Amino acid sequence: MVVSVGAVPQSSTSTRPGVDVLRCEGLTRRFGDRVAVDGVSFSIGAGETYGLLGPNGAGKTTTIKMICGLLRANAGLIEVAGTRLDGHDVRVHARIGYVPQDLALYPDLTARENLAFFGRLYRLRGRLLKERTDEVLALVELSDRADERVESFSGGMQRRLNIGAALLHRPSLLVLDEPTAGVDPQSRHAILTSIEQFGASGMAILYTTHYMEEADRICNRVGIMDRGHLIAQGSRRELVAFVAEHDRVELTATGDREAFRDACLGIDGISAATLDGESLHLLAENGRKLLPAVLEAADRVGVAINSVEVVEPDLEAVFLHLTGTALRD
Amino acid sequence: MSLAWTIARKDLRQRLRDRSAIVLGFVAPLVIAGLMSFAFQGTEHFHFNLLVVDQDHGPVGAALMRGLSAAPIRDVLTVRSSTTDAAAAAVHARHAGAALVIPPNFSREAENGDSVSLRVLTSVDQELDGQVAQSIASSFAAQINADRLSVETALHSGAPAATTGTLVAKAEQLRLPEQVATESIGKHPLTAISYYAPGMAIFFVLFAVGFGSRSFFTERREGTLDRMTAAPISPIAILAGKALSVFVFATLSLATMAVVSSAVFGASWGPTPEAALICIAMALSVVSLTALVITLAHTERQAESMASIFVFGLALLGGNFVFVSAAPPVMRRLALLTPNGWALRGFTDLATSSGAGAAIEPIVAILGITLVLGAVAASLARRTVVQ
């Protein structure tokens, strides 16, 4: 069940038949007794970038794999550009561009050979294939390295080509599964800029990440997943408004941090506290006002505070509020 | 089909850029077959030196020397006279394969009906030469016994004792009427290279099972299989593409081996159309074996181990390393449970020109095994691509 967030329409009412490029209804996938994705519903319109945000194991990749036809759903419905994805008719896959989390490229082939191969799988041939290949090579800024083997590329170049391979057939829906994982800041910026451009060109984008700041930057709407459930969705503003009165307080401390966390949870006005290594994340109503009480609790349990930061409400705070855990736990 | 070919073409391009695949598919079988051919060179034309020590100097010794220099035995032997000590030393030093010693008074004692024996000097290192020499001695002794029996029979039937000399002379002209004649079904003898060239080609082509299955699991690990599955292409077409690449690689490897071993080493693979059909059937069986490994294994490492077991197990059972004809009957029967065993049988039958239909039975057998393996793989393959 999806938690109601402000005025954001939820579940089945969140879909817009007829205009949605992607519509998922009650998507469910089980692995044995474990339910990896449980009744997930959302939709994405043309030109919209939808971020699926959640920690590792939340069910983001499983959801994406069902949408891309890599896993069969046990229940639910997926429609891409009005065509139901049923596992038998693969033609609808031509509307989807899939960027897997891994660098799904052939290192012993050149950039051009990789693109040509994936282009042919989408039935591009002859001059059209060459044009699209050149176009994508230019887009990912690899024209001058087109005939070099991918194994000689840097990580960032490979990431860019990994995305480019999903664009050859000009899909209506671009699905990106954590495309910036392990990428340096400069390449990450370039990738995010490209994705913003794709969205602006009218492409519907489904983007998974556990980097809140990425979702903050490029997504029009965000769905927050935890333990297989879509627990909230809406625009950034709508989601943050839900925890508008709450600040996120980030502390680093040495000593018995678990006792410190428990002591913090006893402070009136702190609704969640979670440990992440040396850091303690608190969700507090008016964090600045509560700081003296927090410091007093630290003193009481013999913990030394090394740093304190009060962060304005953001998606991380939303996640903390909804799940009681930090996004990167 | 064009999408399957797209995948196959990509796989082949990768394969041809992989040096280990080139070595295993093309270079190694040629080198190993060449070495084996060199090692077994001449074994198909048996010949050895036989020393004869004639201490008798009588008519029997002369008769033996005459027999040894007559056709067809002279093609197998080079006969030289020697002394006992020199013959023993020569056999020991492997300068001669064996020696026959005709003891003193052999002719006289044989004519008198006394018990006499020929001695054969052999060496454990030249067992076959010794066996042939022993066989010659036994055959010669049987002829002498037959002569003696003829003379005794004539004398007991009333021939005058004075004619014994004449009877002996006439008996010596007689030969045992019953002879064993060995005739091969094939028109040509099987040379070592004609056995080992296809033997090694088939052995190394079985390594394509490992390449094919590993390639599948590598694609799964690296996400490229997911990327293919996300494209508008059916899982069947993906598997067909993978199978096609294995088939083309295996066929090319066998064909290259056939052409080069024939041109360079003089191997005979039989008539081209029949040999080509056996190659194709064998390549199909490699495809079904690859499919079986893919469906049985769960990881790249499992696939690699399983493929190695298949390759060496099949090669040992099928007779790729040793002549199946020299193996025990159980092994010969087991060889017929393997596609490579049947393929080898087909190629050897074709090489010896055993008849127009020589390839039919092996091809049918290989295709039968292929179908069985393929059916098992298909029954397990339901969830191989999309889970």
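User: A residue counts as buried with 20 or more other C-beta atoms within 10 Å of its own, as exposed with 12 or fewer, and as partly exposed in between. We're looking at a predicted model here. So is A:Arg123 buried, exposed or partly exposed?

Analyst: Start with where A:Arg123 sits: the loop between helix H2 (111-121) and helix H3 (126-139) of chain A. It has 17 C-beta neighbours inside 10 Å. That falls between the cut-offs of 12 and 20, so A:Arg123 counts as partly exposed.

User: How many other C-beta atoms lie within 10 Å of A:Phe42?

Analyst: Look for A:Phe42 in strand E2 (residues 34-45) of chain A. This residue is buried, so its count has to reach the cut-off of 20. The number of other C-beta atoms within 10 Å of A:Phe42 is 24.

User: How many residues of helix H1 of chain A are buried?

Analyst: H1(A) covers residues 60-67 and is mostly covered. Its buried residues include A:Lys60 and A:Lys65 as well as A:Ile64 and A:Ile67. Just after the helix, A:Gly69 takes a positive phi of about 80°. As for the buried count in H1(A), it's eight of its eight residues.

User: Which strands stand at the edges of the six-stranded sheet in chain A?

Analyst: The sheet is open, with mixed pairing and the order E6-E7-E8-E3-E9-E10. Read that order from end to end and look for strands that pair on one side only. Those edge strands of chain A are E6 and E10 (229-234).

User: Which residue of E7(A) stands opposite A:Tyr98?

Analyst: E6(A) and E7 (residues 173-177) of chain A pair in the parallel sense over four bridges. One step along, A:Gly97 has A:Leu174 as its bridge partner. A:Ile96 and A:Tyr98 point one way from E6(A), while A:Gly97 and A:Val99 point the other way. Opposite A:Tyr98 stands A:Val175.

User: Which residues have the most contacts inside the largest nonpolar core?

Analyst: This core has 175 residues. Its largest share, 14 residues, comes from helix H12 (residues 272-296) of chain B. Both chains turn up among the residues with the most contacts: A:Val175, A:Leu206, B:Leu206, B:Met282 and B:Val286.

User: Leaving aside neighbours within four places in sequence, which residues are in contact with B:Leu206?

Analyst: B:Leu206 is one of the residues with the most contacts inside the largest core. In general, nonpolar side chains in soluble globular proteins tend to be buried together. The contacts of B:Leu206 are B:Val286, B:Val311, B:Leu314, B:Ala315 and B:Asn340.

User: Why is one side of strand E2 and of strand E4 in chain B left without a neighbour in the sheet?

Analyst: Four strands of chain B form an open sheet in the order E2-E1-E3-E4. Inside that order, E1 (residues 48-54) and E3 (residues 98-102) pair in the parallel sense over five bridges, with B:Leu50 opposite B:Ala98. E2 (77-81) and E4 (119-121) stand at the edges, so each has a single partner strand.

User: At about what angle to E3(B) does helix H6 of chain B run?

Analyst: H6 spans residues 127-156 and lies across E1, E3 and E4 of chain B. Neighbouring strands of that sheet are themselves turned against each other by 25° on average, direction ignored. The angle between H6 and E3(B) is about 25°.

User: Which element gives the largest share of the side of chain B that touches chain A?

Analyst: In this contact, 20 residues of chain B meet 22 residues of chain A. Helix H1 (2-16) and helix H10 (224-230) of chain B each give two or more residues to that side. By type, the chain B side divides into seven nonpolar, seven polar and six charged residues. The largest share, six residues, comes from H10(B).

Methods
Residues are numbered from 1 along each chain as its sequence is written. Chains are lettered from A and ligands numbered from 1 in the order in which they are written. This is a predicted model: local features need pLDDT of at least 70, side-chain atom pairs count only at pLDDT 80 or more; totals for chains, interfaces and linings use all residues. Two strands pair if DSSP finds at least two bridges between them. Axes are lines fitted to C-alpha atoms, for helices over the stretch in contact, and angles run from 0 to 180 degrees between N-to-C directions. Two residues are in contact if their C-beta atoms, placed from the backbone, lie within 7 Å. A nonpolar core is a set of buried Ala, Val, Leu, Ile, Met, Phe, Trp, Tyr and Cys residues joined through C-beta atoms within 7 Å. Ala, Val, Leu, Ile, Met, Phe, Trp, Tyr, Cys and Pro count as nonpolar, Asp, Glu, Lys and Arg as charged, and the others, Gly among them, as polar.
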